[in-house]
Each structure stands twice: as C-alpha cells, then as structure tokens.
Amino acid sequence: MGKQAQHAISPTRQEDYPEWYQQVVRAADLAETSPVRGCMIVKPWGYGLWENFQRALDGMFKATGHKNAYFPLFIPLSFLEKEAAHVEGFAKECAVVTHHRLEADGTGRLVPTGELEEPLVVRPTSETIIGAAFAKWVQSYRDLPLLINQWANVVRWEMRTRLFLRTTEFLWQEGHTAHATAEEAHVETAKMLDVYADFAENWMAMPVVRGEKTAAERFPGAVNTFSIEAMMQDRKALQAGTSHFLGQNFAKAAEIKFLGPEGREEYAWTTSWGVSTRLVGALVMTHSDDDGMIIPPKLAPAQIVLLPVIQKEDVRAQVLEYCANLKRELESVAYHGRQLVVEIDDREVRGGGKVWEWIKRGVPIRLEIGPRDIEKDSVFMGRRDRSHKDRVGVSRSEFVATITKTLDEIQQTLYERAVAFRRENTRQIASKDEFYAFFTPTAGQKPEIHGGFALCHFSGDEAVEEQVKADLNVTVRNIPVAEDAQKLGCDGSPGTCVISGAPSTRRVIFAKAY
C-alpha cells in the first residue's frame, strides 16, 4: 500500500463533509461561535472577505441605478399583520421585543419591565417597514421607479445553526423597488437576478443556474420568486441569491399608491431581492480542499502574502527591507477596480507552520523570500490553486510584470474546476427508480457524499414535491431559464413527470439542499 496523503484539515471532505466545513472555517480564521446561541463572531479575515463582497455588489447595484438607505431594525407587529402570507411565512422565525427596560428585583437579578404598547419584531426582512416609507415617498408616477438597497443585519430564529450557512443573526443586503407598471417590475426582477449570477460567476468563480422557484418554494407574499442555485462539493444545492416579483401585494398592504399620467390613482408594482453572508459559506464549499480555504483572487482580503525566511539574525534587516520594498511595488498595481493587497508575515514562527497557516487561510499567492532569493533578485512562489509542494522560483521583475495575469489564471482555474464538478454530478433522469437510487446513499448510519443535480421532467404537482421531500429530503431547486437549461444539456422538449408520469413541458433541477 502507498503512503496515505496527509492533509491540514481533519476530517477530509470524504470522511465527514459537515465537520470538514466547520474545520475549514475555523482553520481559515473566518469566524467563530459566540456566547449568544446561534450567532457568530465574524473575524477580521472573514469580515475582509465580506467587505469585498459588499464592495463589488454595491458597485453593481449603483451601476444599475440603485441608491443605499437604512431602515429601522424594529418593525411594529401590526406592519407584518397587514400581509397575511408574509407573516405566516416568517412567524415561527421572529424574535419579538415586548419590554423597553430592565429593573433589578429583590435578589439583584434583572427582569424586563415597561411593557410596550405594541410588540416590535426584530427585522426578519424589511418589505413591510420599507413599504411604509415608500407609501410616503411615492405620490406621482414621476416619483417612480424608486430603486433602494439596504445593507443591514437580520434576525431569524434558527434551531440548528452552522457558521455562515444558517445563523440566527446574519448580514445581508436587501433591494426594494417600486414601479409604475408590472412590466417594469418584471424587468427589474430579472435584471437583479442577472446581477447576482454575474457576481457569483465572475467574482466568486462559482457557476450558478438561474431559474424560477415553484409555488411551494416561493418567498412568502411574492407572485414569483427567482433564484440562483450553486452545487457544493457534497453535491447539495445552495440557494445563493433570490429576486422576487411581488406584484401589488405589498403595495396594497402598505398603501403604496400614485397618480398616473391620466390622473387615476394606481397601486405600485414592487420587487425585492437579496444575498447574505451565506455566500461566504458557499465560497468555502465551492473551492476549498482538504488543506483548507481557497479564495478567488478578486475577493481575497489579500492576494499575496510575503513570508520572510530569516534563519540568522544578521540578515533580518536586509530581508525585511526587501519584502517592504516589494510590498510597496505590488500594492501600486491595480487589479479589478482596487489596488493589490499584500501582507508581510514577519512573526517569529517556525517557517513551515507559518506557510501552512496561509495555505489554510486560502491566500492566492505565497512568496517565500530569504537571502538566497535576494541575491538572485527573485521570489519562491506557491499558488493556492496548486499543490502545496508545487513551488517555483521566479525573478522579481517577471513576477511583478505578470502578477495580474497570474491572479486571473487562478480565478479562471477555480471557475473551470467548479463547472467541471457540476457537469460530472448533473444527470438527466427519466424513471422514478433511477431518481430514488440517485438520491439514496448506500451507507445508512453515516451517508457518503451522493446525489447531485437531477434534471427531470416535473408536472408541477405540489403533492409530488411533498412526496420526494418526505421520502428523500429532495426539493425542486428551480425551473432553469432557457439559456442555463441549455448549458446543462436540456433540449427543452416535453416529456412526462419523473415521479407521477403526468405530462410535463420542461425539466427542473431536483437536489438535496442547504
């Protein structure tokens, strides 16, 4: 038998994927659990990643005409009650404030007192509170369209939590828009779904499928919900962003009305759309390996780390000066709308341990620099998209001249790997037996990684959705748009539902999901 490969992360993906994910997040120093059950502390490396998500997305939102605003964290209970389907969808997840102060009792303990006249719900989403503001801001068709985005935190009470993927409190953005016509609102809904897909593929290097949700998976109160769905390395789907056409439902509940060009009072047509820190979890599960995190260069908190190799004290000043000069030179280089970010890790830590810390953090490029490298005016380079053993000496001038090309190569490599993985684990399935076999693990107590994206004809019957969810924990992820269906190999021909045998006009994506 050959020697078993050693990895920095234990367990590996194949051994225990959920625990592997938790260990990668910890080893990359992205986040940790907090004293508050279900909440997380996002650490500087993880928050730096989220800031880059924000920066890129915010630019895309502003390029499409949206402006940022901020709305209250607390929402009067009566606001949610105005939209019945909405409140029903979120009721079990709401945190509610009922008192406004604390007082000490006779034993010195603090007890809530000062009951509020009306309970306040801690923001689970903001359609209702923003709708109330829109009702004041919109009076005439000339006030439309109204295109608003909010960067905020959200609270949804979760019983089973996992860092970034599902926490009681999380960070997100939510876009809210109002329009004079249904057609304009539909265009907005599709446009923002495309923005999310663009960001996922061109910044996160994560291929996604755009499509409409079935009625059973629709956002509470929406007329239509659209999503982008990505495949993680355990072959489960992750909903990476949603865009909702709300029709006039929320406008009627919030009284968002305007006088049209002919003087008639009309209700506005509204949309909402959002992504969250869940995308950080998606990034981890799309690209990371059994040695830790791998971050696409466009989003990395730092693209390059310089690791001084100082074995004798008398060379310390020379090596550190060389590194500082190289850092300045590299940080003058522009890369996709910002300057390169370079770290120098001059801590007195054993060389190998320091290298492995940065491998686990996922920094795209590592440069080891010692006296011999300085003599040759060169650097010793390792790339995170390659084996940790695959390191090469490169002249300093060549490295600097080609750095943006090298980073773009890494970005493209990560995207192509993810596309190939999705292709290998996507299957068109025509029979119920094959469908059940595809989603049934062979190991009972500790299921192996199995399944993937099943492209199947589906009649639209909600009873079928309920059946496969109950039997296999599988759901319809979305009904792919034509362009993305073609990329997956769907020809658009009619057929029969894979479960019921009823006539079907199109294929959908079935998958297990986060």
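Q: What makes the link between the side chains of E158 and R166 a polar contact?
A: The side chains of E158 and R166 are joined at 3.3 Å. A polar contact is a pair of N or O atoms within 3.5 Å, where within protein one must be able to donate a hydrogen and the other to accept it, and residues adjacent in sequence count only if both atoms are side-chain atoms. The 3.3 Å value therefore meets the cut-off. As background, this is a predicted model, in which local features need pLDDT of at least 70 and side-chain atom pairs count only at pLDDT 80 or more, while totals for chains, interfaces and linings use all residues. Residues are numbered from 1 along each chain as its sequence is written, and side-chain values use heavy atoms, with hydrogens and water left out.

Q: Why is E158 called buried?
A: Its relative accessible area is 13%, and buried means under 20% (exposed is over 50%, partly exposed in between, with a 1.4 Å probe and protein chains only). So E158 counts as buried.

Q: Where does E158 lie, and which residues does E158 touch?
A: E158 sits in the loop between β7 (146-155) and β8 (169-179). Strands such as these are DSSP runs (E, at least two residues), helices are runs of H or I with at least four, and both are numbered from the N terminus. Setting aside residues up to four places away in sequence, E158 touches R37, R166, T167 and T168, where contact means heavy atoms within 4.5 Å.

Q: Which strand pairs with β8 over eight bridges?
A: That is β14 (residues 269-276), again in the antiparallel sense. Here A178 has T270 of β14 as its bridge partner.

Q: Why is β8 described as largely enclosed?
A: Nine of its eleven residues are buried, so the rest of the structure largely encloses β8.

Q: What makes helix α8 (residues 278-287) mostly covered?
A: Ten of the ten residues of α8 are buried, including L279, V280 and L283. The elements covering them include α2, α6 (182-202) and β14.

Q: Which residues does F53 contact, leaving aside neighbours within four places in sequence?
A: F53 is in contact with F199, M204, L279, V280, L283 and L299.

Technical notes:
Two strands pair if DSSP finds at least two bridges between them.
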